[in-house]
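Biologist: I'm new to this one. Can you walk me through it?

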Amino acid sequence: MTDETLTVEIWRGKDTGRFETYQVPHRKSQTILDVVTWIQRNREPALAYRFACRVGMCGSCAMTVNGRPRWTCRTHVSKIVGSGGVRIEPLRNLPRIKDLVTDMTPFFEKWQAARGRFEPSATRSEPMASIPSDDPERRIVDAGIECINCGVCHAACDVVTWNPDYVGPAALNRAWTLANDQRDGDRAGVLKAVSEVGGCHACHTHGSCVEHCPVGLNPTAGIAGLKRMTLSALLKGSLS
Amino acid sequence: MIEARLYLLQRGSAILLAPLVLIHLGLILYAIGDGLSAAEILERTRGNLGWAAFYGLFVLAVAVHAPIGLRNLAREWLAWRGRSVDATTLAFGLVLLALGLRAVWAVIGVGAGDGA
């Protein structure tokens, strides 16, 4: 495989720019991130991209590859290259900074808007909360807690594109884990936050987040859970 | 919270409308299939409280359901936001309600004009 060559197109610029084409040696077990790194080291030193861990933990290297948002460090070239080449662009639904780098600020601001942060219910001097691992609520939290904040679901979601108020699947998935976390001191506050404009009720249940999530989470199910939980709270009068 | 309320109202009215629409369509097929004239239909519906309740509920559910959906469409597809879209879709719902109730009255009301 080492003598084969890949044709790789990479977005250069910001909102306006162009695709530039590079010929890259195709190697065995080569990831998209390997390809981008090879180009940056050998052909285009000014190429801007973002990565850190290279092993699918940090969530910083997501890009659009052949039209789909993917985590590039765990995307093997051989799995996505058919007869064609590779086209790499920045993630959708986020402001572009340069080349393949997007500004993640709105993504994390939306986490805050969905109250996607833990509110402690105890101080450090109190004993640790004891929650059995087979507790039904804890199981729900466990199912959603492994999000690596890569932004792939956010980029895959058409509702995020259409509705600038919509906080997106990642923020709502986080809110869902907190709404089920017995240690959180303001679970009602989470339900209030996701019932605002652009909250969970704006989701159309397209399921693109589930389809694209690189770690196999199901934000759509969590959002459906938030809809049920908020309606229950509304009917009980505890949402106001 | 208004979003959760609207969501509940739209889903609730949809649940109501699902059987109502099916009965309404079945009724149309029945009336057309049997070749009932307008006068024969009115004869059956005039003063019938059952049909008054059925179509009254139908109109109410439509007047709740449609404007909420339109509001969502306007916000997403036309990027139309703020109070103006709320007021416009609310007005649309009230128009639907008025037209629908007027039609119900024309078919059910005793003494309503013939052929209305």
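Modeller: A term to begin with: a residue is buried if 20 or more other C-beta atoms, placed from the backbone, lie within 10 Å of its own, exposed if 12 or fewer, and partly exposed in between. This is a predicted model, in which local features need pLDDT of at least 70, side-chain atom pairs count only at pLDDT 80 or more, and totals for chains, interfaces and linings use all residues. Residues are numbered from 1 along each chain as its sequence is written, while chains are lettered from A and ligands numbered from 1 in the order in which they are written.

Biologist: Take strand β3 of chain A, then. Are its faces covered or open?

Modeller: Both faces of β3(A), residues 62-65, are covered. A:A62 and A:T64 are buried on one side, and A:M63 and A:V65 are buried on the other. In a regular strand the side chains alternate between the two faces of the sheet.

Biologist: Which strand does β3(A) join through 4 bridges?

Modeller: That is β4(A), residues 68-71, and the two run antiparallel. Strands count as paired if DSSP finds at least two bridges between them. Across this pair, A:T64 has A:P69 as its bridge partner. The hairpin has 2 residues between the strands, and A:N66 in it takes a positive phi near 45 degrees.

Biologist: And which strand is joined to β3(A) by 2 bridges?

Modeller: β5(A), residues 86-89, also running antiparallel to β3(A). There A:V65 is bridged to A:I88. β5(A) also pairs with β1(A), residues 5-13, in the parallel sense over 3 bridges, with A:R87 as the partner of A:E9.

Biologist: What order do the strands have in the sheet?

Modeller: The order is β2-β1-β5-β3-β4 in chain A, an open sheet of 5 strands with mixed pairing. β2 (17-25) and β4 are the edge strands, each pairing on one side only.

Biologist: What else does A:I88 touch?

Modeller: Leaving aside neighbours within four places in sequence, A:I88 is in contact (C-beta atoms, placed from the backbone, within 7 Å) with A:V8, A:I10, A:W11, A:I32, A:V36, A:M63, A:V65 and A:L100.

Biologist: How many residues are in the largest nonpolar core?

Modeller: 56, and A:I88 is among those with the most contacts inside it, as are A:L172 and A:L226. A nonpolar core is a set of buried Ala, Val, Leu, Ile, Met, Phe, Trp, Tyr and Cys residues joined through C-beta atoms within 7 Å. Helix α7 of chain A (residues 169-179) gives the largest share of this core, 7 residues. At least three residues come from each of domain 1 (5-102) and domain 2 (105-236) of chain A.

Biologist: Where do those domain bounds come from?

Modeller: From an automatic or database domain assignment. The centres of the two domains of chain A, taken over C-alpha atoms, are 29 Å apart. In chain A, 15 residues of domain 1 are in contact with 14 residues of domain 2. On the domain 1 side, β4(A) gives the largest share, 4 residues.

Biologist: Changing topic: how many residues of chain A are in contact with chain B?

Modeller: 13, against 9 residues of chain B. Helix α10 of chain A (residues 219-236) gives the most to the chain A side, with 4 residues.

Terms used: Two residues are in contact if their C-beta atoms, placed from the backbone, lie within 7 Å.
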